[in-house]
Amino acid sequence: QPNLLTYHNGAVLHGDIPVSVLWYGRFTAAQKAIVSDFLLSLSAAPPASPAPSVSQWWSSINQLYLSKAAAVGKNGAGSTKAARVVLSGQVSDEACSLGKSLKLSQLPALAAKARPAKGGIALVLTAQDVGVEGFCMSRCGRHGTVDAKSGTAYVWAGNPATQCAGQCAWPFHQPAYGPQAPPLAAPNGDVGMDGLIINVASMVAGAVTNPYGHGYFQGDAGAPVEVGGGCPGVYGRGAYPGYPGAVKLDTATAGG
């Protein structure tokens, strides 16, 4: 159905949304480029190649959700501007200043290190050897508020390559459960980072459409089902846990 989520009359992010990245732990230049390219592709002009594309997916979020918030004047200032992601800065904490075992309560402080702009998003990415409370067991990513007064949101996602690739990097790795069909090839040849991108996409979509807890979601506000979580693990027709469904494959990489 076209209307999947209920709008709770709260603010959403809109217009140019600056995203600042905090790299927590060691990431290679190639891994950083995967994330940067993805963020830039959200607001890229539609490609000439056949659908689907990342920008078309992002455009559908604008049309289905953010346009309604604009119509009732709840997208910050009643603006009708669509949400456009802008990569505004990157900060590295390769030495892991808060250690390699993080509590959820530490994420807002880490996000603040990224120096997010008002109305923007701090994107905290943890390396494959960094543990975060609940990672792999109950979550692959999370979003929240850096500071309610500043109006900034944060997104966290971790590289699951060595901790739970079967859960947080599927379908680019054998699934942790369900039918053990061959996984899809990771488009960038990096299972952990390509899995991380799936979770970044889900959390960024949630942060934009429900940044402060009164936007778009279903169910209880304390454990909401948001834009990126309405159909977990569903990528193509006929999908079910352990089987991504009939998805289009890239002819060069065999990636989904």
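Predicted model: local features only at pLDDT ≥ 70, side-chain atom pairs only at ≥ 80, totals over all residues.

Trainee: Is the pair of phenylalanine 135 and tryptophan 156 stacked, tilted or edge-to-face?

Mentor: The ring centres of phenylalanine 135 and tryptophan 156 are 5.5 Å apart. Their planes meet at 75°. Planes over 60 degrees apart are the criterion here, so the pair is edge-to-face.

Trainee: Where do phenylalanine 135 and tryptophan 156 sit, and how many residues apart are they?

Mentor: Phenylalanine 135 is in the loop between S6 and S7. Tryptophan 156 is in strand S8. The pair links distant parts of the chain, and the separation is 21 residues.

Trainee: Is tryptophan 156 buried or exposed?

Mentor: Buried means under 20% relative accessible area. Tryptophan 156 has 0% relative accessibility, so it counts as buried.

Trainee: What kind of aromatic pair do tyrosine 240 and tyrosine 243 form?

Mentor: The distance between tyrosine 240 and tyrosine 243 is 5.2 Å centre to centre. The angle between the planes is 40°. Stacked needs under 30 degrees and edge-to-face over 60, so this pair is tilted.

Trainee: Now the charged side chains. How many salt bridges does a search of the whole structure find?

Mentor: One of them joins aspartate 16 to arginine 84, with the closest N and O atoms 3.0 Å apart. Another joins lysine 100 to aspartate 129, at 2.7 Å. For the whole structure, the search gives 2.

Trainee: How many residues apart in sequence are the parts tied together by aspartate 16 and arginine 84?

Mentor: Aspartate 16 and arginine 84 form a salt bridge. Aspartate 16 lies in strand S2 and arginine 84 in strand S3, so the pair ties together parts of the chain whose separation in sequence is 68 residues.

Trainee: Which loops hold lysine 100 and aspartate 129?

Mentor: Lysine 100 and aspartate 129 form a salt bridge. The pair ties together parts 29 residues apart in sequence. Lysine 100 is in the loop between S3 and S4, and aspartate 129 is in the loop between S5 and strand S6.

Trainee: What accessibility class does lysine 100 fall into?

Mentor: Exposed needs over 50%, and buried under 20%. Aspartate 129, at 42%, is partly exposed. Lysine 100 has 44%, so its class is partly exposed.

Trainee: On to the sulfur atoms. What pattern do the disulfides follow?

Mentor: By this rule the count is 2 disulfides. Cysteine 136 is joined to cysteine 164, and cysteine 140 to cysteine 168. With bonded cysteines counted along the chain, the pattern is 1-3, 2-4.

Trainee: What is the handedness of the disulfide of cysteine 140 and cysteine 168?

Mentor: The sulfur atoms of cysteine 140 and cysteine 168 are 2.0 Å apart. The torsion about their S-S bond is about -80°, so the disulfide is left-handed.

Trainee: Which cysteine sulfur is nearest to that of cysteine 96, and how far away is it?

Mentor: The cut-off for a disulfide is 2.5 Å between sulfur atoms. Cysteine 96 is in no disulfide. The nearest cysteine sulfur is that of cysteine 136, at 16 Å.

Trainee: What is the phi of cysteine 96?

Mentor: Cysteine 96 lies in the loop between strand S3 and strand S4. At 7% relative accessibility, it counts as buried. It is not a glycine, yet its phi is positive, about 55°.

Trainee: Is arginine 115 buried or exposed?

Mentor: Arginine 115 also has a positive phi of about 55°. It lies in the loop between helix H3 and strand S5. Its relative accessible area is 64%, so arginine 115 is exposed.

Trainee: Last one. What is omega for the cis peptide bond between tryptophan 170 and proline 171?

Mentor: Proline 171 lies in the loop between helix H4 and helix H5. The bond joining tryptophan 170 to proline 171 is cis, with omega about 15°.

Methods. Residues numbered from 1 in each chain as written. Heavy atoms only, no water. Helix = DSSP H or I, 4+ residues; strand = E, 2+ residues; numbered from the N terminus. Buried < 20%, exposed > 50% of the residue type's maximum accessible area, 1.4 Å probe, protein only. Salt bridge = Lys/Arg side-chain N within 4 Å of Asp/Glu carboxyl O. Phe/Tyr/Trp six-rings, centres within 6.5 Å; stacked < 30°, edge-to-face > 60°.
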